[in-house]
Amino acid sequence: MVSERSLEVLRVIVQDYVASREPVGSKSIAERHSFGVSAATIRNDMALLEEEELITAPHTSSGRVPTDKGYRLFVDHLSEVRPLTPAQRHAIEAFLDSSVDVDDVLARTVRLLSQLTHQVALVQYPLRSQARVRHIEVVALAPRKLMTVIITDAGHVEQRILDVPADIDDQLIGELRQRFNEAVGGKGLIEAAGALDGVPERFQAEQAATASVVAATLKEQVSANRQEKLLIAGAANLVRTEDDFHGSILPVLEAVEEQVVLLRLFSELEADQRGLLVSIGRENESFGLGETSILASGYTGIGSAISRLGVLGPTRMDYSSNISAVRAVARYLSRTLGETGSAS
């Protein structure tokens, strides 16, 4: 069994190693922290931690570093989430409040989270498969050119420009707008895709070809809204922390670029009692990310299920500060998306 003091020793080893990137020895612990015991006693505590595979010696020096298991124990039981400073909270609020739509909100969020944590930031687009079509707009740009716009109750706007086979007038534009809204307005995206197929049949023969082109384009837009994707910022931070990776960082960079692996990993993470989703080191090996940690939290938007945002970086990261930033940004994002959806 590991004693309470040994756990406190683990806490300071994690904190000191994250701060310095240098293995932590018993002498420095005794000198820098108020344990009230000798360095020899600290060494005994460290020996117990090593037996439990919570710390390890990276080479022959007397210093020790946390293992993945040690980081996990630290995150689950020993870390103290540091509150954001008033200046940080104000910066988050001001930055997100000035956004103009959902896409802008998410783009700002991912940049902000990367700046706050100095890690790779990941924001999952709202899971729109549960969103509903709020409105369809059809706008004439030229005699044979249209723009179609789908607005969801999650506040997302998807627009396309298309060419149609015959000239269009204001009356036909009005009929297209009315009949497509009657067919899919208020429907979920999955249901809306099927409902679009029957709309061209409601038009006269000379207008059906144009209606068919519009229906096909709207189906593409609905499909685009249903796809899962991530916004990512701060990939350069991986290069700055390259020394924290014993092997090549190339697999991590490839995962960041391709997104598919990260989306799958995001979908398999399970929240703890605090609502946090944490995966550390070897827990990510099946995804080819065995030297990374992921910290995530959920956020909600109007008409959408809970989606996720978080950070990815080396296992040697400032867990306390990063968890605080992820949770705070998730709260602000939920609030901002709620206001954006209400206003749209």
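Helices here are DSSP runs of H or I, at least four residues long, numbered from the N terminus. By that rule, Thr-109 sits in helix α6, residues 102-117.

Some ground rules. This is a predicted model: local features need pLDDT of at least 70, side-chain atom pairs count only at pLDDT 80 or more, and totals for chains, interfaces and linings use all residues. Residues are numbered from 1 along each chain as its sequence is written, and side-chain values use heavy atoms, with hydrogens and water left out.

Back to Thr-109. Is Thr-109 buried or exposed? Buried, because its relative accessibility is 0%; the cut-off is under 20% relative accessible area, with a 1.4 Å probe and protein chains only. A polar atom of its side chain lies 2.7 Å from the backbone oxygen of Val-105. Beyond four places in sequence, Thr-109 contacts Leu-96, Val-123, Leu-309, Val-329 and Leu-333. Contact means heavy atoms within 4.5 Å.

Next, the cores. A nonpolar core is a set of buried Ala, Val, Leu, Ile, Met, Phe, Trp, Tyr and Cys residues joined through side-chain atoms within 4.5 Å. The largest has 52 residues, and Ile-29 and Leu-309 touch the most other members. Helix α13, residues 319-343, gives the most to this core: 10 residues. A second, separate core has 27 residues, including Val-133 and Phe-203.

Last, Ile-29 itself. Leaving aside neighbours within four places in sequence, its contacts include Val-9 and Ile-13 as well as Ile-42 and Met-46. Val-9 and Ile-13 belong to α1, and Ile-42 and Met-46 to α3, among the residues where these two helices meet.

Note on methods
Buried means under 20% relative accessible area, exposed over 50%, partly exposed in between (1.4 Å probe, protein chains only). A polar contact is a pair of N or O atoms within 3.5 Å; within protein, one must be able to donate a hydrogen and the other to accept it, and residues adjacent in sequence count only if both atoms are side-chain atoms.
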